[in-house]
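These are my notebook entries on a structure that I looked up piece by piece. I wrote down each term with its cut-offs where I first needed it.

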Amino acid sequence: LRAFETVRPDLILTDLFMPELDGIGLITALQEIAPEIPVVAMADRLKPRMVDYIEIAAKLGAFGGLYKPLDTAQLLDILDRALYAYRSLPPSGATALMDA
């Protein structure tokens, strides 16, 4: 999140389980400062599944989610779709960032 202050990526791929700021907190923060940038969330399939964290991430604004271990074809497909959606935004969103 600190790096986001100086670098504006076209897409963010994040794990939902991280030590300092979890993916849910990251998605929430990113939705406030750059909701146009797609976020793809990842979660370990072996974590306790009492709560569907991928579903929560989607409700908070994540473009999509995947369970680990990642399937390469699924990962590339969702990243491709997320970038296509990002690049399809009007000039006030993604296009202005891509020209920078």
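The model is predicted, with local features needing pLDDT of at least 70 and side-chain atom pairs counting only at pLDDT 80 or more, while totals for chains, interfaces and linings use all residues. Residues are numbered from 1 along each chain as its sequence is written, and side-chain values use heavy atoms, with hydrogens and water left out.

I also needed the meaning of a pocket: on a 1 Å grid over the protein atoms alone, it is an open set of points where a 1.4 Å probe fits, with protein on both sides within 12 Å along at least five of seven lines, and its lining residues have an atom within 4 Å of a point. The largest pocket holds about 200 Å³ of space, where a volume is the space filled by probe spheres set on the grid points, which are joined across faces, edges and corners. I found its lining to be Leu1, Arg2, Met18, Pro19, Glu20, Leu21 and Leu26, and by class this gives 5 nonpolar, 2 charged and no polar residues.

I counted 4 helices and 3 strands in the protein, taking helices (H or I, at least four residues) and strands (E, at least two) as DSSP runs numbered from the N terminus. Along the sequence they follow the pattern β-α-β-α-β-α-α. Of the 100 residues, 32% are buried, where buried means under 20% relative accessible area, exposed means over 50%, and partly exposed lies in between, with a 1.4 Å probe and protein chains only.

Strand β1, residues 12-15, pairs with β2 in the parallel sense over 4 bridges, and two strands count as paired if DSSP finds at least two bridges between them.

Ala43 lies in strand β2 and is buried, since its relative accessible area is 1%. With residues up to four places away again not counted, Ala43 touches Leu16, Phe17, Ile54, Leu66, Tyr67 and Lys68.

Leu75 is found in helix α3, and Leu75 counts as buried because its relative accessible area is 17%. Beyond residues up to four places away in sequence, Leu75 touches Leu13, Leu66 and Leu70. Leu75 and Val40 are 35 residues apart in sequence, yet their C-alpha atoms are 9.3 Å apart in space.

Pro69 sits in the loop between β3 (64-68) and α3 (72-87). The peptide bond from Lys68 to Pro69 is cis, with omega near 5°. I noted beside this that most peptide bonds are trans.

Notes. Ala, Val, Leu, Ile, Met, Phe, Trp, Tyr, Cys and Pro count as nonpolar, Asp, Glu, Lys and Arg as charged, and the others, Gly among them, as polar. Contact means heavy atoms within 4.5 Å.
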